[in-house]
Amino acid sequence: MMIVLCEMSPRIAQIRLVSSHREVYEPCDDSFALVDALLADQANLLQHRPKLCMELGCGSGYVITSLALILGKEGHFIATDINPHAVRVTQETLEAHGVHAELINTNIASGLAKRLAGLVDVIVVNPPYVPTPEDEVGREGIASAWAGGENGRAVIDKILPVADNLLSEKGWLYMVTLSENNPSEICLQMREKGYASRILVQRLTDEESLQIIKFWRDVDSQSEAKEMATNKTVPSRVMETLRSQFPRMPFLGSNNSNSS
């Protein structure tokens with residue numbers, strides 16, 4: 001008798017166990033793409049051994065629960081959301097899967113900057129990225145999950161400096177972006193802060209073109225950041241490496257070198 005050994009698929013949150021509320025964004029293509037990116041980078045994540053992981057804008061809890069399951073419950077997990085219903089739903093989702101995270105009802109990471117500065121090893125975020133009128137940004141309820149203002153960047157541009165402050169020296173940021181957000185420009189902004197970047201997952205849906213981008217602190221990028229700050233210009237080599245990753249974008253792209 002021949003026995004076939006099959007490697008078990010990594011555990012992630014099960015949709016049937018994800019809680020819901022009419023005012024909370026349910027897992028959709030962007031959520032699935034972000035978790036797929038974490039799965040694609042699982043070997044690096046396990047080797048990374050993060051002590052503190054954080055999700056900014058946890059929604060239904062699908063992503064933070066999946067991250068906790070992927071990492072085997074090691075380390076400490078924190079999740080925030082401006083929507084109090086999302087905090088309750090995330091708690092229910094975590095409990096249904098037997099994992100734990102500290103949940104905080106706040107806007108991005110308001111009130112946590114001093115406590116967590118330089119301590120977070122992994123941040124995951126599926127930000128409100130849909131281009132909308134500016135007056136829709138920050139509304140109560142489910143609209144806060146998608147309303148991103150002009151070019152979908154109103155909330156993203158607030159998240160980037162917060163993430164930079166929270167991330168440890170070995171910190172990684174996984175972010176969902178939409179083509180309309182000009183992700184190449186986002187990568188350049190992070191390059192100016194000393195981060196390299198790489199697209200882990202690209203997904204084209206009926207309505208959206210999504211990119212899941214990983215950012216990490218990089219010695220070469222930090223040197224380039226100092227050069228850009230001094231000369232007030234972007235070195236041509238930076239432009240070329242960025243364009244190589246975003247060949248169809250109107251502006252930039254990112255270095256494809258491995259972070260781990």
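**Exercise 1. State whether Arg153 is buried or exposed, and work out which residue it pairs with and how far apart in sequence the two parts are.**

Step 1. Arg153 has a relative accessible area of 7% and is therefore buried, where buried means under 20% relative accessible area, exposed means over 50% and partly exposed is in between, with a 1.4 Å probe and protein chains only. This is a predicted model, in which local features need pLDDT of at least 70 and side-chain atom pairs count only at pLDDT 80 or more, while totals for chains, interfaces and linings use all residues. Residues are numbered from 1 along each chain as its sequence is written, and side-chain values use heavy atoms, with hydrogens and water left out.

Step 2. The side chain of Arg153 meets that of Glu185 in a salt bridge at 3.0 Å, N to O; a salt bridge is a side-chain nitrogen of Lys or Arg within 4 Å of a carboxyl oxygen of Asp or Glu.

Step 3. Arg153 lies in the loop between strand 4 (120-125) and helix 6 (156-166), whereas Glu185 lies in helix 7, so the pair ties together parts that are 32 residues apart in sequence. Helices (H or I, at least four residues) and strands (E, at least two) are DSSP runs, numbered from the N terminus.

Step 4. Glu185, at 29% relative accessibility, counts as partly exposed.

**Exercise 2. Determine which rings Lys214 lies over, and at what distances from their centres.**

Step 1. A charge sits over a ring if NZ of Lys or CZ of Arg is within 6 Å of the ring centre and within 35 degrees of the ring normal.

Step 2. Lys214 lies over the face of Trp172, at 3.4 Å from the ring centre, and its charged end also sits over the ring of Trp216, 5.9 Å from the centre.

**Exercise 3. Classify the aromatic pair of the structure, and explain which helices it ties together.**

Step 1. The structure holds one aromatic pair, which Phe32 and Tyr62 form with 5.5 Å centre to centre and 85° between the planes, an edge-to-face arrangement. Rings of Phe, Tyr and Trp (its six-membered ring) pair if their centres lie within 6.5 Å, with planes under 30 degrees apart counted as stacked, over 60 as edge-to-face and the rest as tilted.

Step 2. Phe32 lies in helix 1 (residues 29-40) and Tyr62 in helix 3 (residues 62-70), so the pair ties together parts that are 30 residues apart in sequence.

Step 3. Phe32 is partly exposed at 28% relative accessible area, whereas Tyr62 counts as buried at 6%.
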